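Reader: I've got a new model on my screen and I'd like to talk it through. Can you take me around the sheet and the charged pairs?

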Amino acid sequence: MTYHPKSDFLHVMISRGFLADCTDLQALDDAMLAGVVPTYIGYDATAKSLHVGHLLNIMMLRWLQKTGHKPITLMGGGTTKVGDPSFRADERPLLDAAAIDGNIDGMKQVFAKYLTYGDGATDALMLNNAEWLDNLNYLDFLRDIGRHFSVNRMLAFESVKSRLDREQSLSFLEFNYMILQAYDFLELNRRYGCVLQMGGSDQWGNIINGIDLTRRVLDHQIFGLTSPLLTTSDGRKMGKSADGAVWLNADMRSPYEFWQFWRNTTDADVGRFARLYTELPLDECDRLGALQGSEINAAKIILANEITTLCHGADAARTAEETAREVFEKGGMGDDLPTLTLARAEADPGISIVQLLVRAGLAKTGKEAKRLIAENGARLNDEPLTDAGLMLDTAQLQSPVKLSAGKKRHALVTLAS
């Protein structure tokens, strides 16, 4: 039987497709009707920016705050030193404290766009688990916390089992990660009254550990809620594109490229992505998803504008749409295209077109660039590019040139003034 929640937040989670599983839907619904529910999602600081793969649970926190509850973004200043082994084939590279702090600073810029931080009852909190993990006494931790964990049970979790079944190494350091994450939930409950942890469905085992530990140590009832692990309709992992991760920070992925990622959504995903990644009413999401033919392209522009506005602001979305129209409809240059600026010395006596394709981010290697040219997939100023040996000099680069890979990826090359 389908559960019909009374609380606004769970109604949004179910109706828009965010909910994969919940430890006790009825009890959580009751708690949300009774008052403000502090809720956390953890983020390990493995890069200077979050990417589109994180956007689903960022939107969950945004809806949580919009429906009257308190989001906690927990930065993994401590756990990043260990690394989450969940569903990975190998151990994460270990980062030092300075790199972790730098990554956290970059990630904070994203959260500030989606959440309101402050001291109010429903204002978001940003915390760092280094606050309680950095100064743990190992022997005390083993005695007080470690004794509550069954190794047999931990080995049975799918995230660990899948690694062992493939006979891939799992270090003792990584094995401790799930204990530390469970301890995070315990400490957040003890220090900040946090009663709900959310995450992707691959975190289910870790979340259950934290609930069980908190019940054993504090005898408190807390909850877990997971979202589905999203792939696109053609089976690709969300957050990845042909040229790498789709970062949410403008200095790592331009607003135009971000907009283009969503504009290139496959037809079958438009309605679903509108429900998950925008705040458009559900009937509008359904209307957009039902469009076909040329009309679906207009729906994709609405989708791209809505998502880009949330992440980069309305001006960036408007500029991206105008640039796309200029590039695709009018064959123009597009002032907001990703731009490679060369020093004059680099273009004197000349620079190869293959090197330019690579440096502009349109090909990963020279070999890939040559193949792109050989297969008629590259263009120079909208004209087919057929000569992989072509060299451009300062005279030819006096005006910006437009490079294209396929129909949807473009860049400008210009000389420094």
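Author: Below are some questions and answers on this predicted model.

Reader: Which strands sit at the edges of the sheet?

Author: Start with the order, which runs β1-β6-β5-β2-β3-β4 in an open sheet with mixed pairing. An edge strand pairs on one side only, and that picks out β1 (21-22) and β4 (125-128).

Reader: What is the bridge partner of Y40 in β5?

Author: Strand β2 covers residues 38-43 and β5 covers residues 196-200, and the two pair in the parallel sense over two bridges. In β5, Y40 is partnered with Q197.

Reader: Is L19 buried, partly exposed or exposed?

Author: L19 is found in the loop between α1 (8-16) and β1. Its contacts include M13, I14, L225 and P228. Buried would need under 20% relative accessible area and exposed over 50%. L19 has 26%, so the label is partly exposed.

Reader: For the K300 and D267 salt bridge, how many residues apart are the partners?

Author: The closest N and O atoms of K300 and D267 are 2.6 Å apart. K300 is in helix α15 (residues 295-312), while D267 is in the loop between α12 (255-263) and α13 (270-277). The pair links distant parts of the chain, and the separation is 33 residues.

Reader: And which is K300, buried or exposed?

Author: The cut-off for buried is under 20% relative accessible area. K300 has 7%, so K300 is buried.

Reader: Where do D315 and R318 lie?

Author: These two form a salt bridge with the closest N and O atoms 2.8 Å apart. D315 counts as exposed at 55% relative accessibility, and R318 as partly exposed at 45%. They are three residues apart, about one turn of the helix, and both lie in α16.

Reader: How many residues apart are E321 and R325?

Author: Their side chains meet in a salt bridge at 2.8 Å, N to O. Both lie in helix α16, about one turn of the helix from each other, and the spacing is four residues.

Reader: Last one: how many salt bridges does the structure hold?

Author: Besides the pairs above, E131, E187, R190 and R191 are linked in a network of salt bridges. The total for the structure is 16.

Note on methods: Residues are numbered from 1 along each chain as its sequence is written. This is a predicted model: local features need pLDDT of at least 70, side-chain atom pairs count only at pLDDT 80 or more; totals for chains, interfaces and linings use all residues. Side-chain values use heavy atoms; hydrogens and water are left out. Two strands pair if DSSP finds at least two bridges between them. Buried means under 20% relative accessible area, exposed over 50%, partly exposed in between (1.4 Å probe, protein chains only). Contact means heavy atoms within 4.5 Å. A salt bridge is a side-chain nitrogen of Lys or Arg within 4 Å of a carboxyl oxygen of Asp or Glu. Lists of a residue's contacts leave out its neighbours within four places in sequence.
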